[in-house]
Amino acid sequence: MSSSTVEPTLPPPDRNPEPPPREAHFARNQHDPGAGRRPLRRLTGVADLAGLVDAHALALLRATVGIVFVGFGVLKLFPSASPAEQLAVDAATKMTLGLVPETVLLLSLAALETAIGIGLIVGRRLLRPALVAFFLHMGGVFSTLVLLPDAMWQPHSPAPTMEGQYVVKNVVLVAVCLVVAANEWARHPRPRRRTAG
């Protein structure tokens, strides 16, 4: 009686291998912390949006402050449309010692704020004059905290009134325009004059 051994045959290679188990995928992600977040970034476009904002940050800052100024300036062209109208007129009247009529003061403020806004939005050659006018205007705006103390501060309290808060919040606009001005003057410094001799 003869005995024969049958060698086992290997199955043919699978053309569609199964994906690795979840444990292996998890282990890979532990070695690469950013791996799990990449698809999310691609889906939402957060990286692209951040890059876009970063590339146009200064233009965005200029435009938003400019829009605010144009909006408030145009409001002053219409009687009683601006909530800050009387406050602005009272402060400007004190600054000019009452020598300029209120209507002229209001129209001048409207024109100034609108021009500053347009200069900030357009930029280029209008940017520097707009920035200078902006900072001068802000000096006048903040002077109301001293010129009109009854309207700006609550009695028996250092807290500002609603009108005072309206003025104080302009520190945000000042900070934005300081950033824009610093960038503008750093990019295009004024040429130095040569001294004779």
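Helices here are DSSP runs (H or I, at least four residues) numbered from the N terminus, while axes are lines fitted to C-alpha atoms over the stretch in contact, with angles from 0 to 180 degrees between N-to-C directions. This is a predicted model, in which local features need pLDDT of at least 70 and side-chain atom pairs count only at pLDDT 80 or more, while totals for chains, interfaces and linings use all residues. Residues are numbered from 1 along each chain as its sequence is written, and side-chain values use heavy atoms, with hydrogens and water left out.

The crossing of H7 and H10 is left-handed, a term for a near helix turned anticlockwise from the far one by less than a right angle. In their contact (heavy atoms within 4.5 Å), residues of H7 including Leu131, Phe134 and Met138 meet residues of H10 including Val174, Cys177 and Trp185. The residues of this contact of H7 with H10 divide into 15 nonpolar, 1 polar and 2 charged, where Ala, Val, Leu, Ile, Met, Phe, Trp, Tyr, Cys and Pro count as nonpolar, Asp, Glu, Lys and Arg as charged, and the others, Gly among them, as polar.

H7 also meets H6, and the axes of H6 and H7 come within 8 Å and cross at roughly 135°. That angle makes H6 oblique to H7, and the crossing of the two is left-handed. Among the residues that make the contact are Leu112, Ile116 and Leu120 of H6 and Leu131, Phe134 and His137 of H7.

Turning to the other partner of H6, the axes of helix H4 (residues 57-75) and helix H6 (residues 102-122) come within 7 Å and cross at roughly 160°, and H4 and H6 are therefore roughly antiparallel to each other. The contact of H4 with H6 involves residues including Phe69 of H4 and Ile116 of H6, and by class it has 13 nonpolar, 4 polar and 2 charged residues.

Phe69, Phe134 and Phe135 form one aromatic cluster, and the structure holds 3 aromatic pairs, a pair being rings of Phe, Tyr or Trp (its six-membered ring) with centres within 6.5 Å. Arg128 lies over the face of Trp185, at 4.7 Å from the ring centre, and Lys169 lies over the face of Tyr166, at 4.8 Å; a charge sits over a ring if NZ of Lys or CZ of Arg is within 6 Å of the ring centre and within 35 degrees of the ring normal.

Conventions. Rings of Phe, Tyr and Trp (its six-membered ring) pair if their centres lie within 6.5 Å; planes under 30 degrees apart count as stacked, over 60 as edge-to-face and the rest as tilted. Angles under 35 degrees count as roughly parallel, over 145 as roughly antiparallel, 65 to 115 as roughly perpendicular and the rest as oblique.
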